[in-house]
Amino acid sequence: MSVQQYIADQEPKVAELMLQLRLLILAQSPHIEESFTYNVPFYKYLGWLCYLCHTKKGRVYIGLCEGKHLANEYGLLQAEGRTQVFRLYIESIADMQQKEDDLRPTLQEAMLVNEEKQKVKRLKSRVLSRK
């Protein structure tokens with residue numbers, strides 16, 4: 001199944017929110033890769049970046065894969081007992097528009113975390129290859 005088909009198959013309110021969030025995520029970089037993985041839309045940028053999902057009650061959220069490493073400067077992220085992936089809930093288009101100015105830098109920060117992890121991985125690889 002494609003991401004577009006998955007989104008189209010959702011309830012109208014959920015589909016509209018997911019579509020807008022999808023566009024926002026993809027707009028952050030031309031290097032973000034989209035896939036349909038684990039039955040949800042996933043986004044990669046030098047590793048797992050985030051995914052889109054919804055609750056049974058129709059609440060849409062972005063799961064930030066490295067949420068524990070984010071500053072949560074805007075207070076958008078919720079750990080809810082998780083130690084790695086934090087969620088950012090969007091209740092409506094109006095809610096998204098209200099949070100959009102804070103959501104963009106949060107996504108950019110998540111991308112920076114992945115960039116730093118990639119640098120560390122490369123450095124470790126170089127060190128190990130010299131041994």
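Is Cys65 buried or exposed? In this predicted model, Cys65 counts as buried, because its relative accessibility is 10%, and a residue is called buried when that value is under 20%.

**Cysteines**

The search for disulfides comes to a count of zero. Cys50 takes part in no disulfide, and the nearest cysteine sulfur, which belongs to Cys65, is 6.7 Å away.

**The nonpolar core**

Cys50 is also among the residues with the most contacts inside the largest nonpolar core, which has 38 residues; Leu21, Ile25, Ile62 and Leu64 are the others named in this group. At least two residues of this core come from each of helix H1 (3-8), helix H2 (12-26), strand E2 (40-44), strand E3 (48-54), strand E4 (60-64), strand E5 (86-90) and helix H3 (93-130). Helix H2 supplies the largest share, seven residues. In soluble globular proteins, nonpolar side chains tend to be buried together.

Leaving aside residues up to four places away in sequence, Leu64 touches Leu49, Cys50, Leu70, Leu77, Gln84, Val85, Phe86, Thr106, Leu107 and Ala110.

**The sheet and the helix across it**

Five strands form an open sheet in the order E1-E2-E3-E4-E5, and their pairing is antiparallel. Strand E1 (33-37) and strand E5 are the edge strands, each of which pairs on one side only. On average, neighbouring strands of this sheet are turned by 25° against each other, when direction is ignored. Within the sheet, E3 and E4 pair in the antiparallel sense over five bridges, and Cys53 stands opposite Tyr61, which is in E4. Helix H2 lies across E1, E2, E3, E4 and E5, and runs at about 170° to E3.

**Salt bridges**

Side chains of opposite charge can pair when their charged atoms come close. In this model the count comes to eight salt bridges, and the table gives some examples.

| Residues | N to O distance |
|---|---|
| Glu80 and Arg87 | 3.8 Å |
| Glu100 and Arg104 | 2.5 Å |
| Lys119 and Glu116 | 3.3 Å |

How many residues apart are Glu100 and Arg104 in helix H3? They lie four residues apart, which is about one turn of the helix. Arg104 is partly exposed, with a relative accessible area of 33%.

Lys119 and Glu116 also both lie in helix H3, three residues apart, again about one turn of the helix. Lys119 is partly exposed, with a relative accessible area of 46%, and Glu116 counts as partly exposed at 44% relative accessibility. Elsewhere, salt bridges that share partners join Glu80, Arg82 and Arg87 into one network.

Terms used. Residues are numbered from 1 along each chain as its sequence is written. This is a predicted model: local features need pLDDT of at least 70, side-chain atom pairs count only at pLDDT 80 or more; totals for chains, interfaces and linings use all residues. Side-chain values use heavy atoms; hydrogens and water are left out. A nonpolar core is a set of buried Ala, Val, Leu, Ile, Met, Phe, Trp, Tyr and Cys residues joined through side-chain atoms within 4.5 Å. Buried means under 20% relative accessible area, exposed over 50%, partly exposed in between (1.4 Å probe, protein chains only). Contact means heavy atoms within 4.5 Å. Two strands pair if DSSP finds at least two bridges between them. Axes are lines fitted to C-alpha atoms, for helices over the stretch in contact, and angles run from 0 to 180 degrees between N-to-C directions. A salt bridge is a side-chain nitrogen of Lys or Arg within 4 Å of a carboxyl oxygen of Asp or Glu. A disulfide is a pair of cysteine sulfur atoms within 2.5 Å.
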